[in-house]
Amino acid sequence: MNIISSSEKSSESKLIYEKRIRLNMTQKELADAVGMPKYGDRTIRRWENGETKPTSLELKAILDFPESVPYLNPDHADYKMIDLFAGIGGTRLGFQLTGRTKSVFSSEIDKYAAKTYYANFGDKPAGDITQISETDIPDHDILVGGFPCQAFSQAGLKKGFEDTRGTLFFEIARILKYKHPKAFLLENVKNLLGHDNGKTYAVIENTLKELGYDVNLLVYHAKDFGVPQNRERIYIVGFNKQSVPNYKDFTAPVPPMVQTCVGSILESNVDSKYTISDKLWEGHQRRKKDNKAAGKGFGYSLFNENSPYTNTISARYYKDGSEILIEQKGSNPRKLTPREAARLQGFPDDFIIPVSDTQAYKEFGNSVAVPVINAIASEIIKVLDQNS
């Protein structure tokens, strides 16, 4: 393909190219971010090369894509926090929406998640936490993190700090041991409680207690906090018994039990690229029929605007969307859009999605239900306020 020189490019070409470079986005990411149809990256490539021109509305959609950071740290905050295994910052956002905290350090190993994090918070997360010394971590009041669930090779032997070596939980434990923050919030899947016949969680809780923390185990459904998703997670809240003497004043938040419906998160006029193909739809139906005949309950799940909530969205949603398909009259069902996936986790609509649809599905599937975090954060801050 012949590339047109910059001097020959139209003003539209320059505007689009310069905007994309400022956003640090690929042509695919920009096309998905502004909601262009399938193969929109090819269209942007032609626009940038001056081969074709966008309509005024298409140009406006690109030029209006936000460049300012929506969730900068507040100028004044009462408490400092660090954000480990940060993902796209859902836990940080839940705390920051209280207006009482600011983040002084974050860590995330996935480059696409880090890109989304930077677009929304203006901070570039440090990389692999296993390569960062606890001595380089800033002082902070609150540590937050969601860590992968791993078995401990010596679980049940010493049942303490040493048992966690070689696991990612150890990265949290060693920072707690060195920095002694006043409080922490850890999030994980409910299966953690039964992992390795309960030994994994036992080691985690015993380690946290060994480090001087009072530990509270909470289990919540996202649907009970106003978002239409049946997502059950555990939340481990801890307070430093030395620096927070009133730690027993912590009260678990009461879910508001707001009635929800899937229609509240659905977009209108969704592009046809989200409608699944005839081949995929036939495959879904065939597998569900075969699984039912074999006595298995696995298969696709259909929802509509009147459904009270969806299944749990997972990081694998980008593959075929089978766990959450939206009914469409006279057509095959469709997948959620990335913005709908964000809403399903309680992210505000001004949260920027600067990555491709595939990466966006992974990121929101791996993230947290922001309203649940926000409710817990408010209760943690109440205890710290009383202490101060």
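How are helix 1 and helix 3 oriented to each other, parallel or oblique?

**Entry 1: the model.** I am working with a predicted model, where local features need pLDDT of at least 70, side-chain atom pairs count only at pLDDT 80 or more, and totals for chains, interfaces and linings use all residues. Residues are numbered from 1 along each chain as its sequence is written, and side-chain values use heavy atoms, without hydrogens and water.

**Entry 2: two helices.** I looked up helix 1 (residues 11–23) and helix 3 (residues 40–48); their axes come within 8 Å and cross at roughly 125 degrees. Helix 1 and helix 3 are therefore oblique to each other. Oblique is what remains after under 35 degrees (roughly parallel), over 145 (roughly antiparallel) and 65 to 115 (roughly perpendicular). Next I listed the contact (heavy atoms within 4.5 Å). Helix 1 brings Ser13, Ile16, Tyr17 and Arg20, and helix 3 brings Ile44, Trp47 and Glu48.

**Entry 3: salt bridges.** I found 25 salt bridges in the structure. Each is a side-chain nitrogen of Lys or Arg within 4 Å of a carboxyl oxygen of Asp or Glu. Asp32 pairs with Lys273, with the closest N and O atoms 3.3 Å apart. Asp32 sits in helix 2 (residues 27–33) and Lys273 in the loop between strand 6 (232–240) and helix 9 (278–293), so the pair ties together parts 241 residues apart in sequence. A network of salt bridges links Lys28, Asp32, Lys273 and Asp357.

**Entry 4: burial.** I checked relative accessible area (buried under 20%, exposed over 50%, partly exposed in between; 1.4 Å probe, protein chains only). Asp32 is buried at 9%, and Lys273 is partly exposed at 22%.

Definitions and conventions:
Axes are lines fitted to C-alpha atoms, for helices over the stretch in contact, and angles run from 0 to 180 degrees between N-to-C directions. Helices (H or I, at least four residues) and strands (E, at least two) are DSSP runs, numbered from the N terminus.
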